[in-house]
Amino acid sequence: MEVVRIAEQLESQGVDVIHLEVGEPDFPTSASVIDRACSALRAGKTRYTDARGIEPLRDALSNWYASKGLAVPSYRIQITVGASGGLLLAFAATTNPGNRVLMADPAYPCNPRFVEAVGGDTHWIKTDVATNFQPTLSQLEEKATEIDRTLILAHPANPTGQAVPHAELKQMSEWCQRTNRHLIVDEIYQNLSFTDSLISSLAISEHQFVVGSFSKYFNMTGWRLGWLVIPEYAVKETQRLAQHLFICAPSFAQEAALACFEHDALRDAEMHRLELKKRRDLLIPRLEAMGFKIAAEPDGAFYIFVDVADIAEDGQQFCAELICKTGVAVTPGIDFSNSLPPTWIRIAYTQPADRLIEALERMARFIHD
Ligand SMILES: Cc1ncc(COP(=O)(O)O)c(C=O)c1O
């Protein structure tokens, strides 16, 4: 937020700021989705919907999963207020006061806040480059105690863009079942994947909560629409909670999202995914040539998590000086981690290629000055 504050201040003074700090794609929502929203509003789709979400949207998601070879019946799909609503709901359904949630450090910074909101605590599992910044079965076996009732994984994760390797995902999923623990898998970046080997947790098991979102793949961050796949054993309780916590997700956004599964929007989403992959491939060799250390190629999303240890001692200071001197905004890694050395930063490639090249040139001048 400090970087955003400085960026806004500089912009108000007329400085050309290149925003690589916010986790939001720069692409517009597909025209077909916008048209559908306008028609829905005119048709009076402005009231509460079924708390589970409108049936055609749950069916469309179920069919979309089926098209990927995943059997997810629509009665297990809850439409939510963004992935944020899905995460809060999943934590509320699984975590009682006094329980802890096992969570990788680094993590998406809102997750521990959701856990706190339902009276739980976070049990941080320190990770590093060796395991793609993901927890492993042996860590869980060593560290989990009776009060650790839930494991959350992000697949791929923010801030690293790295997925859980398939074999580890399978082992951790089986461990959760064997030890009677809940598993929540945040798969909001699943469709923004750049590798064929990235496979949904739903291909492994049906016993976990899976969080999805229209925000990133369909470029609909402001529409506040996501979904939660609920395991059979928790469907009733989770639906009841959803009704009490949210009533429903925005009605016209749900109607509009039906267009996401039609040709035009799917074509746009796919084009944008390929554009993000091109940006990743453009940035990585150039950043490495400048002295940034990249743990491993991100599997998806639009983030690169880099270590600036060879360039600066303090990532937060590096980010503050970079924005002030060059107008390039990136995020310090301490936003995501309590345990990593303070030299990590997150770069979000949410700008067109020419702006990314401009940002690299400004960074190179900054480093060499
Ligand atoms: C890993 C992760 N989960 C969830 C969210 C929240 O997404 P939404 O806009 O769907 O609420 C984000 C947003 O950046 C995220 O990075």
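This is a predicted model: local features need pLDDT of at least 70, side-chain atom pairs count only at pLDDT 80 or more; totals for chains, interfaces and linings use all residues.
Residues are numbered from 1 along each chain as its sequence is written, and side-chain values use heavy atoms, without hydrogens and water. Local features need pLDDT of at least 70 and side-chain atom pairs pLDDT 80 or more, while totals for chains, interfaces and linings use all residues.

User: What makes a site a pocket rather than a cavity?
Analyst: Both are found on a 1 Å grid over the protein atoms alone. In a cavity, a 1.4 Å probe fits but cannot get out. A pocket is an open set, with protein on both sides within 12 Å along at least five of seven lines.

User: How much space lies in the largest pocket?
Analyst: About 780 Å³. The volume is the space filled by probe spheres set on the points, which are joined across faces, edges and corners.

User: Which residues line the largest pocket closest to its centre?
Analyst: Val22, Gly23, Tyr108, Asn158 and Arg346, out of 36 lining residues. Each lining residue has an atom within 4 Å of a point.

User: Which helix gives the most to that lining?
Analyst: H1, with four residues. Helix H1 spans 2–12. Helices are DSSP runs of H or I, at least four residues, and strands are runs of E, at least two, numbered from the N terminus.

User: How do you know that domain 1 and domain 2 both contribute to the lining of the largest pocket?
Analyst: Each supplies at least three residues: domain 1 (2–23 + 264–368) and domain 2 (31–261). The bounds come from an automatic or database domain assignment.

User: What about the second largest pocket?
Analyst: About 410 Å³ of space lies there. Lys68, Gln190, Asn191, Ser193 and Leu198 are closest to its centre, among 22 lining residues. Strand E7 gives the largest share of the lining, three residues.
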